[in-house]
Amino acid sequence: MKSFLFLVFILGYSLCFAQVPEGFVDASKYIPNLEIELRYFGYNNFVGRPIHGYDAHILYLTKPTAQALRKVQKELERDGLCLKIYDGYRPQRAVNMFMTWAQELNDTLKKNTFYPQVKKKNLFKEGYIASKSGHSRGSTVDVTVVDLKTGEPLDMGSPYDFFGLSSWVDYDQLTEEQKSNRRLLQLVMLRNGFKNYSKEWWHFTLKNEPFPNTYFDFIIK
């Protein structure tokens, strides 16, 4: 009986770790002092509840992405700053949940916070929700910059995941401080091998991503 239970334990242990594909890593083990707040693991997001596939607060990324972010972190630390990550690898089932949510037009729990000026029925048309996400390829991250001592995010002019013009990279109705903070983030990310997304100041994808055509769906756990 003891042998049987031991075998069950070993098989369960193996399955737990086998679900993460080769080439992915736990980013917190690669990047010193990294701040992580996976918004889709909790309730502070545009849906207003935990998202499918986020069963643990673990940031998985492809190894080259984690290595590139480590270089970004080293640059920022010289100025007393560090990275904060809101999202990295995102299971396809989470993207599917976003699609279903976007079609439920009466569910507007977080509208005032995340999309006050955008009609929910237009989220697909305006490019805020899509059937596929670069996040599911494991080399896209949503990031900001925080003060290394206080942990307070720099003012970027709009909240993370805000659907609206103020989140566009080239939006110019900002204070000089906000513009400077955005330039800092854009420059340090682009300099270390990432490309941005014009409608989200926080969104970056590794240029030479290892899985450009693969959308993963393993659960974060």
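Analyst: Helices (H or I, at least four residues) and strands (E, at least two) are DSSP runs, numbered from the N terminus. The model is predicted: local features need pLDDT of at least 70 and side-chain atom pairs count only at pLDDT 80 or more, while totals for chains, interfaces and linings use all residues. Residues are numbered from 1 along each chain as its sequence is written, and side-chain values use heavy atoms, with hydrogens and water left out.

User: In what order do the five strands of the open sheet lie?

Analyst: Two strands count as paired if DSSP finds at least two bridges between them. E2 (35-36) and E6 each have a single partner strand and stand at the edges, so one side of each lacks a neighbour in the sheet. The pairing is mixed, and the order is E2-E4-E5-E7-E6.

User: In which sense do E2 and E4 pair, parallel or antiparallel?

Analyst: Strand E4 covers residues 81-87, and two bridges link E2 to this strand. Within the pair, Glu35 lies opposite Lys84 of E4. The sense of the E2-E4 pairing is parallel.

User: How many bridges join E4 to E5?

Analyst: These two strands run antiparallel. Asp87 faces Asp142 of E5 across the pair. The number of bridges joining E4 to E5 is six.

User: Which residue in E7 stands opposite Asp142?

Analyst: Strand E5 (residues 140-147) pairs with E7 in the antiparallel sense, over three bridges. For Asp142, the residue opposite in E7 is His203.

User: How many residues lie between E6 and E7 in their hairpin?

Analyst: Strand E6 (residues 194-197) runs antiparallel to E7, with four bridges between them. Asn196 stands opposite Phe204 of E7, and Tyr197 stands opposite Glu200 of E7. The number of residues between the two strands of the hairpin is two.

User: Which residues does Lys199 touch, leaving out those up to four places away in sequence?

Analyst: Lys199 sits in the loop between E6 and E7. Its C-alpha atom is 9.8 Å from that of Glu126, 73 residues away along the chain. With contact taken as heavy atoms within 4.5 Å, Lys199 touches Glu126, Ser167 and Trp168.

User: How many of the seven residues of strand E7 are buried?

Analyst: A residue is buried under 20% relative accessible area, exposed over 50% and partly exposed in between (1.4 Å probe, protein chains only). E5 is mostly covered, with seven of its eight residues buried. E7 (residues 200-206) is largely enclosed by the rest of the structure, because its buried residues number seven of seven.

User: What is the relative accessible area of His135?

Analyst: His135 belongs to the loop between helix H4 (111-114) and E5. Beyond residues up to four places away in sequence, its contacts include Asp87, Arg90, Thr140, Asp142 and His203. His135 counts as buried, since its relative accessible area is 2%.

User: Which residues lining the largest pocket are the closest to its centre?

Analyst: A pocket is an open set of points on a 1 Å grid over the protein atoms alone, where a 1.4 Å probe fits, with protein on both sides within 12 Å along at least five of seven lines; lining residues have an atom within 4 Å of a point. Grid points are joined across faces, edges and corners, and a volume is the space filled by probe spheres set on the points. The largest pocket has a volume of about 320 Å³. Of its 20 lining residues, the closest to the centre are Arg90, Tyr128, Ser133, Glu200 and His203.

User: Which element gives the largest share of the lining of the largest pocket?

Analyst: The lining comprises 10 nonpolar (Ala, Val, Leu, Ile, Met, Phe, Trp, Tyr, Cys and Pro), five charged (Asp, Glu, Lys and Arg) and five polar residues (the others, Gly among them). Helix H3 (92-103) and E7 each supply at least two residues of this lining. The largest share, three residues, comes from E7.
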